Amino acid sequence: MKVQDIMQTNVITISPNTEIREIAKLLCDHHISGVPVIDLFGNLIGIVSEGDLLHKETHPRVPEAVGFLGALIYYRGVKQYESDLKKLVALKASEIMTHEVIALDKDASIEEAASLMINHNVKRLPIMENGKMVGIITRKDVIKVLIEE
C-alpha cells in the first residue's frame with residue numbers, strides 16, 4: 001500500500017505571516033498537532049507543530065559548556081539555544097516554523113512513512129508530487145492501516 005492511498009487531501013495550511021495565536025487556535029479548533037506553512041506560490045516552506053508553540057511557554061535550553069582558562073567553551077546545544085530563543089520571541093509562523101520538513105513522495109510505501117516517522121520523531125509527513133504538497137499523513141493514519149489489515 002502506498003501513502004497516496006491513505007493520505008488526507010483536504011490539508012489545512014497557513015502562510016508564513018500567520019500569527020502565533022491564530023496558529024494555536026487553528027490547531028485546537030481542528031484537533032490537529034501541526035500545520036504546513038505554504039508560500040504564495042504553493043511551495044511547502046515549513047511546518048509548525050504543537051512542540052514549536054510550546055517554546056513560547058518555556059525557557060530556552062541552556063547550552064552545555066566547560067570553563068577553560070577563564071573562558072566558556074560551548075560544546076553542545078548552542079544551535080538549539082539560538083533556535084529556542086528565536087521561537088520564544090516569535091510572532092508569526094515564519095519565525096517559529098521548522099524549516100527542514102521531512103516529506104515523502106506520494107508513491108512511497110506506508111512502511112517507509114512509518115520508518116521516517118519513527119527515525120525522525122515526527123507525527124506527520126507532507127506528501128509531495130512534482131514538488132508540490134498534495135496531502136499529508138499522520139501517525140494515526142498509519143495506525144488505522146494496522147487495524148484494517
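**Overview of the chain**

The protein chain has six helices and seven strands, where helices (H or I, at least four residues) and strands (E, at least two) are DSSP runs numbered from the N terminus. Reading from the N terminus, the order of elements is α-β-β-α-β-β-α-α-β-α-β-β-α.

Before going on, the conditions. This is a predicted model, in which local features need pLDDT of at least 70 and side-chain atom pairs count only at pLDDT 80 or more, while totals for chains, interfaces and linings use all residues. Residues are numbered from 1 along each chain as its sequence is written, and side-chain values use heavy atoms, with hydrogens and water left out.

Of the 149 residues in the protein chain, 34% count as buried. Buried here means under 20% relative accessible area, exposed means over 50%, and partly exposed is in between, with a 1.4 Å probe and protein chains only. On contacts, defined as heavy atoms within 4.5 Å: among those between residues at least 6 apart in sequence, 52% join residues at least 24 apart.

Now the strands. Two strands pair if DSSP finds at least two bridges between them. In general, strands of a sheet pair through backbone hydrogen bonds, either parallel or antiparallel.

β1 and β2 (residues 44-49) run antiparallel and are joined by five bridges. Isoleucine 38 stands opposite leucine 44 in β2. Five residues lie between the strands of this hairpin, and glycine 42 takes a positive phi near 85°.

How much of β1 is buried? Five of its five residues are. Gly34, Pro36 and Ile38 on one side are buried, and so are Val35 and Val37 on the other. As for β2, five of its six residues are buried, so β2 is largely enclosed by the rest of the structure.

Serine 49 belongs to strand β2. Serine 49 is buried, at a relative accessible area of 16%. Leaving aside neighbours within four places in sequence, serine 49 is in contact with Leu27, Ser33, Gly34 and Arg124.

**The β5-β6-β7 sheet**

Next, an open sheet of three strands, in the order β5-β6-β7, with mixed pairing. β5 (104-105) and β7 are at the edges with a single partner strand each, so one side of each has no neighbour in the sheet. Strand β6 (residues 124-129) and β7 run antiparallel, joined by six bridges. Proline 126 has isoleucine 136 as its bridge partner in β7.

Lysine 106 is in the loop between β5 and α5 (110-120). Is lysine 106 buried or exposed? Lysine 106 is buried, with a relative accessible area of 17%. Its side chain and that of glutamine 4 are joined by a polar contact of 3.2 Å. A polar contact is a pair of N or O atoms within 3.5 Å; within protein, one must be able to donate a hydrogen and the other to accept it, and residues adjacent in sequence count only if both atoms are side-chain atoms. Apart from neighbours within four places in sequence, lysine 106 is in contact with Lys2, Val3, Gln4, Ile127, Met128 and Glu129.

**The second largest pocket**

The second largest pocket holds about 400 Å³ of space. On a 1 Å grid over the protein atoms alone, a pocket is an open set of points where a 1.4 Å probe fits, with protein on both sides within 12 Å along at least five of seven lines; lining residues have an atom within 4 Å of a point. Points are joined across faces, edges and corners, and the volume is the space filled by probe spheres set on them.

Which residues lie nearest the centre of this pocket? They are Gln8, His31, Ile32, Ser33 and Thr138, out of 17 lining residues. β1 (34-38), β7 (132-138) and α6 (139-148) are the elements that give two or more residues to the lining. α6 gives the most, with three. The lining divides into five nonpolar, seven polar and five charged residues. Ala, Val, Leu, Ile, Met, Phe, Trp, Tyr, Cys and Pro count as nonpolar, Asp, Glu, Lys and Arg as charged, and the others, Gly among them, as polar.

Last, glutamine 8, in the segment before α1 (20-30). Glutamine 8 is partly exposed, at 31% relative accessible area. The side chains of glutamine 8 and aspartate 141 make a polar contact (2.8 Å). Glutamine 8 and threonine 138 are 130 residues apart in sequence, and 8.8 Å apart in space, C-alpha to C-alpha.
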